[in-house]
Amino acid sequence: MEQTGAEKLHTQTHTESPISKPVEKTLESGIPERESDLGWGANEVILIDIKDDGKGVFKPKDGENHVRDSVSEGTYYRRERAAYLVDLFLDLDLVPPTVIREINNRVGSIQQFVEDAQVSYQHAGIIKNLEVELAVLDYIIWNSDRHRANYLVKNDGSRLYAIDNGLTFGPDDRASIYALNNSEISDETTQKLTNFSQSDNKAILSALLEELIGTKETELCLARIKKIATLAQQGEITTEKFNELQYDPTNIVIISKSTDQPVLTPDHEKITVKHQVVTDTAAR
Amino acid sequence: MKVEIYKLNNQGKQELVAECKLVNELVECLGEEQFLKFLNEDGIRDYTQNPPRQLFPKDGHKFLEQLKYNFKSGYLSATDILDN
């Protein structure tokens with residue numbers, strides 16, 4: 001299949017991140033030895049054996065199907081990489097290394113396979129702080145799709161892995177961040193958020209994200225980092241604060257009466273927080 | 001009509017975790033106890049609704065139909081609806 005210019009950019013000349021993990025190189029250029037098709041479900045998923053270097057979970061762009069209106073198919077693989085970059089730059093260490101590459105003339109995301117892990121529903125004793133940390137990430141990447149089948153647990157619940165991050169950053173009207181309600185973000189995570197906010201890495205992450213998800217979603221993501229960093233320093237996230245986060249005004253879907261299409265709100269506009277606001281944008 | 005759900009093991013092989021069948025407009029699932037408990041207690045999300053609502057085996061065909069949208073990570077994967 002003919003690649004678009006944007007795909008060529010990502011597979012051939014994309015901006016290199018100055019922050020990376022060694023395994024990214026293996027994922028990007030390791031020789032795929034064996035492919036096992038894992039799915040008949042909503043999207044195509046292929047387990048790749050990389051020669052002498054472990055396994056990766058490959059999700060090809062052309063195997064993506066429509067799941068919901070808010071996030072277009074054909075963009076999930078970029079969102080998988082974007083979620084990893086956010087995690088990497090914030091040093092949260094929740095998302096397994098994820099890169100974009102081509103395998104057998106198919107472009108897609110490939111994520112390091114996590115060995116010896118259980119899907120979280122199999123595990124009762126997950127450390128609360130880790131679920132809060134996961135919710136911090138999910139807030140920042142605006143993940144509306146986190147549930148107990150798409151994060152992994154290792155080491156008796158002391159280590160979590162956020163997988164299946166394709167439905168993120170879009171204009172969904174809420175995020176799956178219930179663990180934040182009446183919780184406090186740990187000092188360690190607060191420090192990480194503060195470090196990022198005060199570093200020059202913001203501009204670098206912004207440039208990398210823009211290539212993957214565009215300017216609008218990047219700006220919203222960075223605004224959420226700023227917001228959660230501020231909240232983290234204020235102590236407990238009360239239900240009132242939580243509701244404000246969960247239905248973040250910058251992400252509310254507004255349906256235009258004139259076009260019947262969803263549109264994003266202007267970045268800093270304060271509006272009534274509801275699941276969905278129906279309005280005539282032309283009259284606002 | 002039925003849906004099979006598979007889990008990936010360390011060797012990269014898929015193991016059947018559960019099989020959910022439509023019986024008299026309700027879904028009956030058989031398989032790994034922990035997974036069935038998870039399906040019955042947490043339910044799955046109906047992504048056709050905004051905001052998504054939870055679906056449970058009692059919701060019948062709709063539940064069966066949405067399984068593949070909920071289990072799509074590769075670590076846990078649901079098939080399309082299959083014939084019995």
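B:Asp80 is partly exposed, because its relative accessibility of 32% falls between the 20% and 50% cut-offs. In this predicted model, B:Asp80 makes a salt bridge with B:Lys68, their closest N and O atoms sitting 2.7 Å apart. That pair ties together distant parts of the chain: B:Asp80 lies in the segment after strand 6 (76-78) of chain B, while B:Lys68 is in helix 2 (residues 61-70), 12 residues away. The lysine end is the buried one, since B:Lys68 has a relative accessible area of 18%, and buried means under 20%.

Staying in chain B, have a look at helix 1. B:Lys37 and B:Glu41 form a salt bridge there, 3.7 Å from N to O. The two are 4 residues apart in helix 1 (residues 33-41), so about one helical turn separates them. B:Glu41 is exposed, with a relative accessible area of 51%.

B:Cys20 is buried, at 0% relative accessibility.

Over in chain A, A:Asp49 and A:Arg34 meet through their side chains in a salt bridge, 3.6 Å from N to O. A:Asp49 is buried at 15% relative accessible area, whereas A:Arg34 is partly exposed at 37%.

Now for the place where the chains meet. There, 39 residues of chain A contact 32 residues of chain B, and the two chains bury about 3,000 Å² between them, 53% of it on carbon and sulfur atoms. The interface has 3 salt bridges, and A:Arg148 pairs with B:Asp42 in a salt bridge, the closest N and O atoms being 2.8 Å apart. Polar contacts between the chains come to 15 residue pairs, counting residues at pLDDT 80 or more. On chain A's side, strand 1 (32-37) and strand 3 (55-60) each supply at least two residues that touch chain B; strand 3 gives the largest share, 3 residues. A salt-bridge network also links A:Lys59, A:Glu80, A:Asp145, A:Asp164 and B:Lys72.

How far to trust chain A? Its mean pLDDT is 83, and 81% of its residues reach 70 or more. Residues 1-6 of chain A fall below 50, and that stretch has 9 contacts beyond near neighbours in sequence. Residues 252-256 of chain A are below 50 too, with 34 such contacts in the model.

How values were computed. Residues are numbered from 1 along each chain as its sequence is written. Chains are lettered from A and ligands numbered from 1 in the order in which they are written. Side-chain values use heavy atoms; hydrogens and water are left out. pLDDT is the predictor's confidence in each residue, from 0 to 100. Contact means heavy atoms within 4.5 Å. Buried means under 20% relative accessible area, exposed over 50%, partly exposed in between (1.4 Å probe, protein chains only). Buried area is the accessible area (1.4 Å probe) that two parts lose on being put together, summed over both. A salt bridge is a side-chain nitrogen of Lys or Arg within 4 Å of a carboxyl oxygen of Asp or Glu. A polar contact is a pair of N or O atoms within 3.5 Å; within protein, one must be able to donate a hydrogen and the other to accept it, and residues adjacent in sequence count only if both atoms are side-chain atoms.
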